[in-house]
Amino acid sequence: MKICIRAHDLGVQGTEQILQKIRALGIDGVQMVCYKAYDDISYSVGAMNQEKAAAIGAAFAEAGAMIPLVGAYFNPVHSDREKACRCEAIFAEYLSCCKAMGCGYVGSETGSFNDDKWTYHPQNRTPEALDTVVETFSRLCDAAAENGSMVAMEGAAGHVCWNVRTLAEARKRIGKPTKVIFDLYNYLDESNQEDYLSILEEGLSTFAGEILLFHMKDCCFVQGDKPRQVPFGTGEMDLKAILKRIKAYDENAVLTLEGTTGEHIEHAVTIIKMIWESI
């Protein structure tokens with residue numbers, strides 16, 4: 001098992017600072033969103049290149065740290081089609097550069113018709129929405145194949161691929177190699193939050209052998225509303241039951257903290273290690 005974290009959740013900027021921070025916290029690596037982790041890399045076409053990627057990759061390799069995923073999340077169904085195309089082009093650039101960072105995967109969620117809010121919209125759950133996702137990610141899979149990299153897809157209740165089944169359907173229709181980012185919390189809303197262990201089991205079964213990494217989150221359940229995310233290890237989820245199922249699925253799983261920041265990171269890392277060793 002490896003423990004990672006989103007680089008921009010560490011509260012520092014730049015390669016040296018990121019590596020110092022994860023070394024001090026006993027973390028194995030980061031999910032890298034470059035335009036959130038570097039002052040000199042913007043979210044724009046042309047901002048990332050092989051030279052910058054190689055510098056990051058060399059430093060991480062020398063430090064013995066991993067980058068299991070490069071994040072370039074974008075909304076493929078955004079109503080501003082020019083913006084959607086621009087963001088797709090940025091994603092494609094990362095597909096061409098990620099291997100220089102020592103990572104073969106670039107990931108995104110599947111978007112929402114609520115545009116920049118990334119929340120539920122009834123149009124998300126239409127055949128037309130899924131068609132757009134399939135077409136967009138199919139093009140990106142072609143770009144990935146040209147560069148020896150791969151697309152990773154993440155579902156969420158408020159997005160087009162809103163449950164395990166719709167993400168599986170999209171990947172099947174794409175028909176090209178992809179990986180899955182599995183975020184259990186993302187699938188939860190007011191209607192299914194008590195069934196989170198069943199959703200996890202469904203995902204482990206459906207995506208057997210295809211899960212690149214697991215996002216580690218915790219939450220407090222809210223009656224009649226979506227659960228509220230809290231720092232990992234401070235909520236109401238049965239973390240032992242979750243980690244036991246993940247360990248049975250893959251003893252070498254990559255567990256990536258997302259949304260846990262500041263003083264809560266060290267506690268989260270301790271909790272994961274303690275539970276993992278006990279199950």
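Rings of Phe, Tyr and Trp (its six-membered ring) are taken as paired if their centres lie within 6.5 Å; planes under 30 degrees apart count as stacked, over 60 as edge-to-face and the rest as tilted. The structure holds 9 such aromatic pairs. The model is predicted: local features need pLDDT of at least 70, side-chain atom pairs count only at pLDDT 80 or more, and totals for chains, interfaces and linings use all residues. Residues are numbered from 1 along each chain as its sequence is written, and side-chain values use heavy atoms, with hydrogens and water left out.

One of the pairs joins Y35 and Y94. Their planes stand at 65° and their centres are 6.3 Å apart, so the pair is edge-to-face. It links distant parts of the chain. Y35 sits in helix 2 (residues 34–37) and Y94 in helix 4 (residues 81–97), 59 residues apart. Helices (H or I, at least four residues) and strands (E, at least two) are DSSP runs, numbered from the N terminus. Y35 is buried, at 17% relative accessible area. Y94 is buried too, at 2%. Buried means under 20% relative accessible area (1.4 Å probe, protein chains only).

F74 and F91 form a tilted pair, with 5.6 Å between centres and 55° between planes. F74 lies in the loop between strand 3 (66–71) and helix 4, and F91 in helix 4, so the pair ties together parts 17 residues apart in sequence. F74 is buried at 1% relative accessibility. F91 is buried at 0%.

Elsewhere, F182, Y187, F207, F214 and Y249 form one aromatic cluster.

Methods: Buried < 20%, exposed > 50% of the residue type's maximum accessible area, 1.4 Å probe, protein only.
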